[in-house]
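Let's take a quick walk through this model, from the overall fold down to one helix pair. Have a look at it first.

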Amino acid sequence: MSADAADPSLSAPSAPAPASQDLTIVIPVRDDPLIYRCLASIDVPCSVIVSTNGSPDWFRKGLATYAKASSHVTVLSTPESGIGLAYNRAIAQAVTPLVLLMDSDCVFEPGAIASMLAEAPFGLVKGRVRFETADRGSRLVAAARRLTEDPLVTKKVNAYSPPLLYSTKIVEKMGGYHFNTAMKWREDRDFELRRRKSNIPVRLVPQAVIWHKPLSIRDDLRSVRAYGAGQAHGEALKVLPPMSLRHELSKACTVAWRGVRRGEYGAGAYAAFRNLLMVTSRTAAVRRRRGAK
């Protein structure tokens, strides 16, 4: 028996799987042209809400034209930027009991949506993100992300999105809201912490895979710095607990050793560096906030 099969969160659902008509896929986007590739990868008949946030006119017009030819797609435009705000407004408009959160720069592997939907009676369902590669740098990023984020490697399951499918009713146990609209980054960290506090289990569906576009090292590190700034902002809002330097150093050592054990030395070292960069980015953001007061 595999480690995943032994996980109690992977026990058989207690109710029949819902139909695809019970599902709305929510995709927040600003101006990413890969949204059309994402939409084309949806292989079940269901409602889709593309939630733009702070998008330029040319981009919204293009989406509107696409939606006119696709009756199952609705475009919801929000002038303000922010993924949490885009998520919340789209989920509020959804009339289905289930939502599946997706990113515009990812595509569903065939069968991924159906696999997640089959486990929907569990309440909170998580798929896996894998990274496409195009060159040596993107291969390093993909390997490092696998060491830190793939539950089959880390043996930990969380409720970070995407892909995340859940019943909208579960937020009644999680403070009554989906995402904090004041947070520009790390909004799913807040969701995950509230999920843990509420003791809501997550069911992992290993075969439900989405593919993220290739990430260069530069773009990857830019996102890590943004996560660090988002952590500082979350702490200032008292939404996220203060980051523990000791804990983060321990995580960096753990992922580096994981890379050594798997023979992926470069990926382990880079993954550890990413973790430390987020710590320094968070610290720098905290100092800037203090200096601005």
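The protein has 11 helices and 8 strands, counted as DSSP runs from the N terminus (H or I of at least four residues for helices, E of at least two for strands). Its radius of gyration is 19 Å, close to the 19 Å that the globule rule gives for 293 residues, so the protein is as compact as a globular protein of that length. That radius is taken over C-alpha atoms, and the rule is 2.2 Å times the number of residues to the power 0.38.

Keep in mind that this is a predicted model, with local features needing pLDDT of at least 70, side-chain atom pairs counting only at pLDDT 80 or more, and totals for chains, interfaces and linings using all residues. Residues are numbered from 1 along each chain as its sequence is written, and side-chain values use heavy atoms, leaving out hydrogens and water.

Some whole-protein numbers:

| Property | Value |
|---|---|
| C-alpha trace span along the principal axes | about 55 × 50 × 40 Å |
| Buried residues (under 20% relative accessible area, 1.4 Å probe, protein chains only) | 51% of the 293 residues |
| Accessible surface (Shrake-Rupley, 1.4 Å probe) | about 14,200 Å² |

Now for the helix pair. The axes of helix 6 (residues 136–149) and helix 9 (residues 217–236) come within 8 Å and cross at roughly 40°; axes here are lines fitted to C-alpha atoms over the stretch in contact, with angles running from 0 to 180 degrees between N-to-C directions. Where do they touch? Gly-137, Leu-140, Val-141 and Arg-145 in helix 6 meet Ile-217, Asp-220 and Ser-223 in helix 9, contact meaning heavy atoms within 4.5 Å.

Conventions
Buried means under 20% relative accessible area, exposed over 50%, partly exposed in between (1.4 Å probe, protein chains only).
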